Amino acid sequence: MLYFDYAASTPPYPDVITTVSEVMNRHYANASSIHGYGENAEKLLNKSREVCAKTLGVKASEVIFTSGATESNNMAIKGVALRYHSRGKHMITTKTEHASVYESFRFLERMGYDITYLPVDSKGRVRVEDVLHAVRKDTILVSLMHVNNETGAIHPVIEIGRELKKQHPKVIFHVDGVQAFGKIKVELAHSGIDLYSISAHKIRGPKGAGLLYVRSGLELAPLLTGGSQEGGVRAGTENIPLIAGMTKAVRLAEENRSELYARLIPLRDRLMEEILRYPEWELNSSPEGAPHIVHFSYPGMKAEVILHTLEQLGVVVSTQSACSSKYTEPSRVLLAMGKSEEAARSGIRISLGDVHTEEHIDQLIHALREMKKRLVNFEGWNR
Ligand code: PLP
């Protein structure tokens, strides 16, 4: 079986598994305890924070450890909303954000906040001028994803960050970097980005670990109250084994980033070429997008039928994003890109990782061809 669902989750590096297990065995003490065991756990926590910060080019005090990017995104959006509401209650995002961002805004809308959901172009990208035009006197936050988890579309976050800081320096800028980190270069310290979310399990780290970069000077209202861990922003005993495992993955992801990018682009492009051979398929990713995601629709055919046919043929892919794949709703992302409802119900995401080679792509292309042959005569069309 070949696994092509790296945008949903990745196998942890063996080194990460070893680290998590060793730290569980050796550093079980609470990092807040003042005895020697606690101090050693705290030392490891501090060291992990320093390594993550150095890798991201930021200060250690600017790294908050979380349970994953869902929490990082909630913390950023709701934390800003609750802390800065006296300045205004208007926030800006797009129609194609990950559920953890989108649903955080829907929640705030119900609490009386005013949210602008910007449109995207046919390639899934928000326009810089649309973001700038949407800013009002009462705008407190702009939140965008760097790379879209379904299509791989890249929002121009660097340009937006630069212009926002020039034209509207008080507006806080959050970026969901989950699908970008380890693939696309980002220099946080000079980007105009104030908050950046990362998830460990998308970069071969453990599940249940993530971080949020919080530019110094910025304050967030805590969502979890209790102890004074994580600078008082996130109460709760730190999960040091997972933090140590994530730190390994963060370092490796950044070290291997440019080599991985160069290796994935030709693999991705071969897949795109193959998809373009079928006039009835629609390619929803573009060469300007991320190196690891290829998304296409087979309008009229249910995505689950395509997925299970491919699984029978030995390859594992995904429908929509993993978080939404159990819903039968058409993809919100594809609809926002102007695709038909049929296309939005028949989307397949293929996502690549560092383990993939030319031979794997040969096998995947063979399976796609075989799937097409089988489904030509299939009776279970959507129509
Ligand atoms: N943001 C994006 C763009 C994602 O792809 C994901 C995971 O699918 C998340 C946020 C949520 O990350 P986590 O699984 O760490 O909560």
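Visitor: If helices (H or I, at least four residues) and strands (E, at least two) are DSSP runs numbered from the N terminus, how many helices and strands does the protein have?

Guide: The protein comes to 12 helices and 12 strands, and its C-alpha trace spans about 70 × 50 × 35 Å along the principal axes. This is a predicted model, in which local features need pLDDT of at least 70 and side-chain atom pairs count only at pLDDT 80 or more, while totals for chains, interfaces and linings use all residues. Residues are numbered from 1 along each chain as its sequence is written.

Visitor: What share of the residues is buried?

Guide: Buried residues make up 47% of the 383 in the protein, where buried takes 20 or more other C-beta atoms within 10 Å of a residue's own, exposed takes 12 or fewer, partly exposed lies in between, and C-beta atoms are placed from the backbone.

Visitor: Which residues of helix 9 are buried?

Guide: In helix 9, which runs over residues 303-312, the buried residues are Ala303, Ile306, Leu307 and Leu310. Viewed down the axis of helix 9, these residues fall within an arc of 100° (taken from the directions from the helix axis to the C-beta atoms), so they line one face of the helix.

Visitor: And what covers them?

Guide: The cover over the buried residues of helix 9 includes strand 11 (315-316), strand 12 (347-351) and helix 12 (358-376). Just after helix 9 comes Gly314, which takes a positive phi of about 95°.

Visitor: Changing topic, where does Gly210 lie, and is it buried or exposed?

Guide: Gly210 lies in strand 8, which covers residues 210-214, and Gly210 counts as buried because it has 27 C-beta neighbours inside 10 Å.

Visitor: Which residues is Gly210 in contact with, leaving aside neighbours within four places in sequence?

Guide: Its contacts, meaning pairs whose backbone-placed C-beta atoms lie within 7 Å, are with Thr66, Ser67, Gly68, Ala69, Glu71 and Ser72, and also with Ser197, Ile198, Ser199 and Ala200. Ile115, by comparison, is 95 residues from Gly210 in sequence and 26 Å from it in space, C-alpha to C-alpha.

Visitor: How many residues surround the ligand, and which are the closest?

Guide: There are 16 residues around the ligand, and the closest are Gly68, Ala69, Thr70, Asn149 and Ser199, with a residue counted as near if its backbone-placed C-beta atom lies within 6 Å.

Visitor: Where does the largest share of that shell come from?

Guide: It comes from helix 3 (residues 69-84), which supplies three residues of the shell around the ligand. Gly68, Ala69 and Ser199, which are among the closest residues to the ligand, are also among the contacts of Gly210.

Conventions:
Contact = placed C-beta atoms within 7 Å.
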